[in-house]
Amino acid sequence: MIELASFATFSEHQKTFLEHVSENIGIAINTSISRKKQQELLERSQGLTEELQTQQAELKATNDELEAQARALQESQTKLKSQQSELEQTNDQLGEQTQALEEQRDILNENNAALNKAQTLLEERSDEVQRASQYKSEFLANMSHELRTPLNSSLILAKLLADNAGGNLTTEQVQYAHSISSAGNDLLNLINDILDLSKVEAGKLEIRPESVFLPRVLHSLERTFEPLARDKKVKFEIIVDAGLPETISTDRQRVEQILKNLLSNAFKFTDKGQVTLHVSRSSDGKLSLAVIDTGIGVHQAQQEVIFEAFRQADGTTNRKYGGTGLGLSISRDLARLLGGSVGVESTPGEGSRFTLLLPETYDESRVESAAPKAYTSSISVPAPLKQRVERIKPKPFADDRRKLASPGRLLLLIEDETQFSQIIFDLAHELHYKCVVAQDAEEGLELAKSLLPDAIMLDMMLPDHSGLSVLDQLKDDPTNRHIPVHIASAHDYMEKALQMGAIGYVMKPAKREELKAAFIKFEAKLSQKTKRVLIVEDDKLQRESMVKLISGTGIEITAVALASEALESLKQGTFDCMVIDLKLPDMSGEQLLKKMTEREELSSLPPVIVYTGRSLSRDEEDQLRKYSRSIIIKGAKSPERLIDEINLFLHSAEAGHSPERRKMLTAMRSREDAFEGRRILLVDDDARNLFALTAALEQKGAHIEVARNGKEALSKLKEDPRTDLVLMDIMMPEMDGFEATREIRKQKRFAQLPIIAVTAKATKNDQVLCMEAGANDYLAKPIDLHQLFSVIRVWAPRLGRD
Amino acid sequence: MDGSLTHQFAVEQQLLLESINLKYNYDFRHYSHKSMKRTLVHAMHRLGCPTLKALQEKVLRDPECFFELIQSLTIPVSEMFRDPTYYLSLREKVIPLLKTYPSIKVWVAGCSTGEEVYSLAILLQEEELLERTTLYATDINPRVLEKAAKGFWSLEAMNKFSQNYRMSGGKRLLSDYYTANGDSVTFHAALTKNVTFADHSLVTDAVFSDTHLISCRNVLIYFERELQDKTIALFYESLCRKGFLGLGAQETIQFSKYADHFDPFVKKDRIFQKK
C-alpha cells in the first residue's frame, strides 16, 4: 500500500493514473525487496559451500587414512590366516605323534608280557633239559653195563688166542690177537669212564667212607707210576709235609681214582722234567694233594674247559696224547662227592698243578649233591635194547624232515655240531622256517638235491668233506645253484666263500643278531638268483673301481675294455644288466648300442646303463634313451646312483632272463678251464692212489707230478716252482703231510700255493691240524672224484684273473 | 554363533563350494574346513554380502567376483628362499644327485606369485644345472601366475629376500639377478627361460611324468587329510624313481597313507625321496 498526499484534489485522470501505476510500483518495490533478500541468501550459501568444501577435504584425508589402515589390517589378517593354518597343522601332527607314542607304549607293554611268557617257557625248558640230562645219564649207566658184558667176553677170548695155547697160530696171528685185546681194553676203559661219569651225574654213585691210612695210599700210587716214570725218563717224587694226620676218613677207592687220574694226566703231558705229588695242609685246613708237573701246561682260557666231559684242552691234544677226555671231569665230580674239590693252576709250556682238596673227615651232610637225586629206580627200568641203540646214533634232535608239508620256507642246515645246530634250529623256527639238519657233507648234498630247500646254512669244517667243496658242488649243480647259501664257521674262508657265491659269512661263535642277519639275507636273496653284469669301460682304473663298486654276493661281473669284446660277451651269455661308457676306442657307445639292437643272435638285450663323463645335449639324450634305460653323468654322487640303478635292474622281475641252457654251456666251459694245463703235484705213498688220481686228473687235461713222501714233494717243488696246486697225503713215511706242508709254507714263494691235505680219517682234529700246518683245504679218504674236482676248482688260481 | 547357526553356515559353505566346483571347475571342497570358513567370513564382508547364500549368488553370477574370491582362497603369502635351510639342503644334498641326470625336470606345485620358482632357478643356475632343467611352475590361480611370469617385486622386499638368499648358501649377490627401477625390481628373464608357468590344480588335474624334484611348500596345510593323501599320491606318480619331494616346514608325509612310499632324505627340511 502507498499513501499519497496532495494539496489539490486528485483529478479523476490522476486517480486513474495512480491506480494504474500503483501496481507497478508495488511490483518494483517487491522486486527490489526480494532482490535484496536474494543477495543475502546468496552470500550465506556461498559461505556454507566453502565450509562444506573444507569439511569434505578433511573427510577425504580421514578416509584415506582409514583405507590404508584397512589394507594393512587385511594383509596382517592374511598372514595370520596362514599362520593359523600352519599352527593347526602342527597341532594335528602333535596329536598324531602322541597317538603314535601311545601305540608304541602299548606295543611295549605287549612285548613285556611276551617276554614274561618267554621267561616262563624258558624255565620250563630248563627243567625239561635237566630231566633229559638225567635220563641220558641213566641211559648211559645202563648202556655201559650192557656194553661191558659182551666186551669182557671178547677180551677174554682175545687173551686166550694171544696166549696161543694150542701153538697153532703164526706170530702174526698172535700179534692180531694182542691188538684186539689192547683195543678192547682201551674201549673198556672208555666205557668205565663213561659209566662213572653217568653214575655221578645220575646221582647213583655211592660214597663209602672208611678210615684211610694215607701212607698206604701214597705207596700204592708210587708203585703204580714208578715204571711209567722210568719208561718216560721223568722223575717222580712224593713229598709229604710234616704234621699231617696219617689217617683220614674218606672213600679210599675214589680218592685213589682221582689221584691216579691226575697222575696219569701229568705223565701223559710231561715229556721231560718231573712229576711231583705234594701232600700238605691247605690254608682252610683241608688236606691238599697236589700233582705238579713240568709238562705242556694248560692255557688260562682252557682251564675251565678241561673239566667238562668229552672236552680237552684243544682239539689237537687228543690225537697226540689219546684218552677220552673224561678223567678230569670225573675227578672233579668225585672230589665234590667227597666234600672236596679239584683245582688247576698252570702256565703253558712250564707245567701244571692240579690240586685235590679233601676234608679230613667225610661228612655227608656237607656235600652238595652233584645232581638232583629225584630219579628213582622207577624210571631206570631198562627200555628195550633196540630203542636205546637208536638213541645213541648221532641224531641229536628230531628235525623237520617229517613236517615238510607244513607251510614256511625250508632251511637246510649242514652242520655237525649239535649245539650250534640247536641254536639255528630254534632260530629258524622262530623266524617261521622249517629246518632240516644234515650232519655231514654227503648228507647235506643229498638233502639239498632231494628237498630243494629255500636256503642253506653251511659249516666249513664237516667231518667228511670241507664246506667249500660242498659249496662248489651246490653251485655246480643247476638244480641247486639258485639256492642261497650262508656260511657259519669258526674258520675264516670268507673271501673264498663269498667269491664262490655264498651270500654271507658269519664267524662262530656268532651273536644272535648276526645269525638273524643271515636269515634276513636269505629273505632278500630268495626272490633272486645270481645276476650277471657286463661293464664296458676302456679306462683300466675306472673299470677296476667300477668292478669293486658293483661286486657283491650273487653278482657276477664281466668287465671289458672294447666294444667288440662286449659284443662277444653278449653273444656268449646273457646279462642282467650292462654298463657302458660312451667313449670307447673301437667304436662309440652309441654305435655299440645300435649294433647290439641289430644283432639277432643276441636273444635278450640286457637293460643298459650309460655311465658317462660328458654332459649330453637333449638330442643326444633322446637318441640314447632309445637303447638305454638310464643315463648317469659321472660326478660326486654318481657311484651311489650307479649302484642303485644296477640293483634296480638286477632285482626287478622284468630284467631279462637267460635261456638256461646257454648259461650252463658257458658255465661248464669255464669250469673245465680249471684243469686244462694245470700243474698238479700229487704227494702220496700209496702207488694205487697215485695211479688212480693221475689218470683222473690227466683226463681233465691237468699236468701231473708225483712225490712219494714229504721230502720228495719238497724237491719236486724246487725243480718246478710253477706248480699250481699240491694234493698232499698226510700219513706218509719219511716226512708226513703236516711237516711237508709246514716246510712248503716256510718258503715265501709258496705262501700262496694251494695245498689240499688228504686225511685218512676226517676227524675234526685232523682237519684243524691240516689247517694249522698251512693247508688250504682238506679231503677225506677214500677220495671221491667229484669232491676232488670241486676242491681243485675252488683253489686252482683263475686263469687271466690274477 | 550358536550350534544351529554354525551348522547352517557349514551347510551353506558346502553348497557354495559345490556350486563353485560345478560352475568354475575349481574344487575347494576338501580344503581345510576351518581356514576355509575364516576366508569365507572375510570375503563376505569384503564383497558386502550379509550371508553366504548372498555370496554364493554373487559369485555364481559374476565371474569377476569369483576371481576376487579366489584371491583370498589361495593365500598368496611367500618369500624368496623362504626357510633358507631348505634351499641349503637342496643345494648340498639333492643337487649333487640331480647332477647325475642328463636332463632334469623340476615342478613347483602351488607356485603362487613365483618367489619359489625364482629361488630355485637361481639355485640351479649357480649349480650349473639350469641349462638342462625344465621347470614347471603351476598354480590354481591364473592371476598369480601372471604376476609370477613378470618377475616383479617391490624393492623393499629385497632386504628380506637377500638375507634369505645368503643364508641359503647363495654364491653371489641377489641383486646380480635383478634390475631395479624406482621402488620395484625385475628379475632377469634368463632365469625363466626354461620355466613353464601353467594353470594346474592339484585337486583335479593329472600327473606330470618322470619329475626329479617336486617342491610344494605350504600348500598341503590348507588341505583336508584326504586331499593331502590324494595330492601326495599325485606327486608319487609324477616323480621318477628316487625323485625328491620338498614340503613346507610344517608339512610332512609321515602320517599320510603314502608315508612308506618315501624315505626321509633331509628330515628337518622336509625333503623326501621316493623309494
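**View 1. Parallel pairing of strand 11 and strand 12 of chain A.** In this predicted model, strand 11 (residues 485–489) of chain A pairs with strand 12 of chain A in the parallel sense, over four bridges. Within this pair, A:Ala488 stands opposite A:Val506, a residue of strand 12 of chain A. Helix 12 (residues 512–526) of chain A packs on the sheet and touches strand 10, strand 11 and strand 12 of chain A, and the direction of helix 12 makes about 170 degrees with that of strand 12 of chain A.

**View 2. The open sheet of chain A and its edges.** Five strands of chain A form an open sheet with parallel pairing, in the order 9-8-10-11-12. Strand 9 (433–438) and strand 12 (504–507) of chain A stand at the edges with a single partner strand each, so one side of each is left without a neighbour in the sheet. From one strand to the next, the twist averages 20 degrees. Helix 8 (residues 418–430) of chain A lies across strand 8 (409–414), strand 9 and strand 10 (455–458) of chain A, and runs at about 160 degrees to strand 9 of chain A.

**View 3. Buried residues of helix 21 of chain A.** In helix 21 (residues 737–746) of chain A, the buried residues are A:Gly737, A:Phe738, A:Ala740, A:Thr741 and A:Ile744. Seen down the axis of helix 21 of chain A, these buried residues fall within an arc of 165 degrees, so they line one face of the helix. As a general point, an α-helix has 3.6 residues a turn, so residues three or four places apart point the same way. Across chain A, which has 802 residues, 30% count as buried.

**View 4. The surroundings of B:Val108 in the largest nonpolar core.** The largest nonpolar core has 92 residues, and those with the most contacts inside it are B:Val108, B:Val117 and B:Ala121. Leaving aside neighbours within four places in sequence, B:Val108 is in contact with B:Glu116, B:Val117, B:Leu120, B:Leu135, B:Tyr136, B:Ala137 and B:Ser215. Another core, of 78 residues, lies apart from this one and has A:Leu413, A:Leu447, A:Val683 and A:Cys770 among its members. Of the 275 residues of chain B, 45% count as buried, and residues 24 or more positions apart account for 74% of the contacts in chain B with a separation of 6 or more.

**View 5. The hairpin of strand 4 and strand 5 of chain B.** Strand 4 (residues 178–181) and strand 5 (residues 184–187) of chain B pair in the antiparallel sense over four bridges, and B:Thr179 stands opposite B:Thr186 in strand 5 of chain B. The hairpin has two residues between the strands, and B:Gly182 takes a positive phi near 65 degrees. For chain B the mean pLDDT is 87, with 97% of its residues reaching 70 or more.

**View 6. Where chain A touches chain B.** In the predicted complex, 27 residues of chain A are in contact with 23 residues of chain B. On the side of chain A that touches chain B, the elements giving two or more residues are helix 1 (12–163), helix 16 (618–625), strand 17 (630–633) and helix 17 (638–651) of chain A. Helix 1 of chain A provides the largest share of that side, 13 residues. The predictor gives the complex an ipTM of 0.74 and a pTM of 0.43.

Definitions and conventions. Residues are numbered from 1 along each chain as its sequence is written. Chains are lettered from A and ligands numbered from 1 in the order in which they are written. This is a predicted model: local features need pLDDT of at least 70, side-chain atom pairs count only at pLDDT 80 or more; totals for chains, interfaces and linings use all residues. A residue is buried if 20 or more other C-beta atoms lie within 10 Å of its own, exposed if 12 or fewer, and partly exposed in between; C-beta atoms are placed from the backbone. Two residues are in contact if their C-beta atoms, placed from the backbone, lie within 7 Å. A nonpolar core is a set of buried Ala, Val, Leu, Ile, Met, Phe, Trp, Tyr and Cys residues joined through C-beta atoms within 7 Å. Two strands pair if DSSP finds at least two bridges between them. Axes are lines fitted to C-alpha atoms, for helices over the stretch in contact, and angles run from 0 to 180 degrees between N-to-C directions. The arc is that of the directions from the helix axis to the C-beta atoms. pLDDT is the predictor's confidence in each residue, from 0 to 100.
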